[in-house]
Amino acid sequence: MLNRMKNVISVLSLILFGFYHVISTMILHWNLPAINCSHTVKSELVKRNVHVGSVHCPLCDSGDDSVVHLFAACSVAQEVWSAIGHWCRLSPIIAFDVTDLLQTFKGAEGGKWGKIIAHDIIMVSCWCIWRARNESVFQDKKTSDRIVIANITRLAFLWCKHRSKFKDLSWENWLKSPLYML
Ligand SMILES: [Zn+2]
């Protein structure tokens, strides 16, 4: 019984550490290259001989459950990047790792604000992909690229409307292009 409790505590602490590490890096430092590694909660658990079931990506059920796979190689993420790139009128987004994603905003139209909005949409996209992954792992909640894309457009709209100088954003026009007002 004691050993079982120790095992559960060990698993929980690793999950919390992994969650804290990635979220704090993304939110507090907002510096995605810092998490450009293949370490994940599951792979760290496996190293400690803890059975975690499938180590496959919970979004596509293929490939390792790693940060690089999740944001760059995952088929769900690739559908998201394709749609977001088209929506923001960017060149096709082809990412081999997370740092590639951080370069994509540079080709945005609309001057300084176009680049700022495109950059933040990429950040919101990373957040929504990460959240979808966690909901699948921790809540067994299945998602799709269409749901993730819908979440991105909604969350980015709220951000832009309330955290930028564009207070009069139109939802209908936003859906056509997030740079329509520039
Ligand atoms: Zn995947």
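## How α4 and α6 pack

Helices α4 and α6 are roughly antiparallel to each other, a label used for angles over 145 degrees. In this predicted model, local features need pLDDT of at least 70, side-chain atom pairs count only at pLDDT 80 or more, and totals for chains, interfaces and linings use all residues. Residues are numbered from 1 along each chain as its sequence is written. Helix α4 covers residues 75-87 and helix α6 residues 111-139; their axes come within 11 Å and cross at roughly 155°. (Axes are lines fitted to C-alpha atoms, for helices over the stretch in contact, with angles from 0 to 180 degrees between N-to-C directions.)

The α4 and α6 crossing is right-handed, meaning that the near helix is turned clockwise from the far one by less than a right angle. On the α4 side you'll find A77, V80 and I84, and they meet I121, S125 and I129 of α6. That contact is made of 5 nonpolar residues, 1 polar and no charged. Here Ala, Val, Leu, Ile, Met, Phe, Trp, Tyr, Cys and Pro count as nonpolar, Asp, Glu, Lys and Arg as charged, and the others, Gly among them, as polar. Residues are in contact if their C-beta atoms, placed from the backbone, lie within 7 Å.

## The overall fold

Stepping back, the protein has 8 helices and 0 strands. Helices (H or I, at least four residues) and strands (E, at least two) are DSSP runs, numbered from the N terminus. Of its 182 residues, 24% count as buried, which takes 20 or more other C-beta atoms within 10 Å of a residue's own; 12 or fewer makes it exposed, and in between is partly exposed. Take the contacts between residues at least 6 apart in sequence: 52% of them join residues at least 24 apart.

The largest nonpolar core has 32 residues, and F71, A77, I84, I121 and I129 have the most contacts inside it. Such a core is a set of buried Ala, Val, Leu, Ile, Met, Phe, Trp, Tyr and Cys residues joined through C-beta atoms within 7 Å. At least two core residues come from each of α3 (67-73), α4, α6 and α7 (145-163), and α6 gives the largest share, 9 residues.

I84 sits in α4 and is buried, with 25 other C-beta atoms within 10 Å. Leaving aside neighbours within four places in sequence, I84 is in contact with I93, I121, S125 and I152. I84 and S125 are 41 residues apart in sequence but 8.3 Å apart in space, C-alpha to C-alpha. As for F71, not counting residues up to four places away, it touches A77, A95, V98, L101, C126 and I129.

## α6 against α7

The axes of α6 and α7 are 9 Å apart, at an angle of about 135°. This pair is therefore oblique, and its crossing is right-handed. By class, the contact has 12 nonpolar, 2 polar and 1 charged residues. Among those meeting here are I121, S125 and I129 from α6, and I152, L155 and W159 from α7.

## Two loop aspartates

Most residues other than glycine have a negative phi. D61, in the loop between α2 (41-47) and α3, has a positive phi near 55°. D140, in the loop between α6 and α7, has a positive phi of about 55°. D61 counts as exposed, with 10 C-beta neighbours inside 10 Å, and D140 counts as exposed with 8.

Conventions
Parallel < 35°, antiparallel > 145°, perpendicular 65-115°, else oblique. Contact = placed C-beta atoms within 7 Å.
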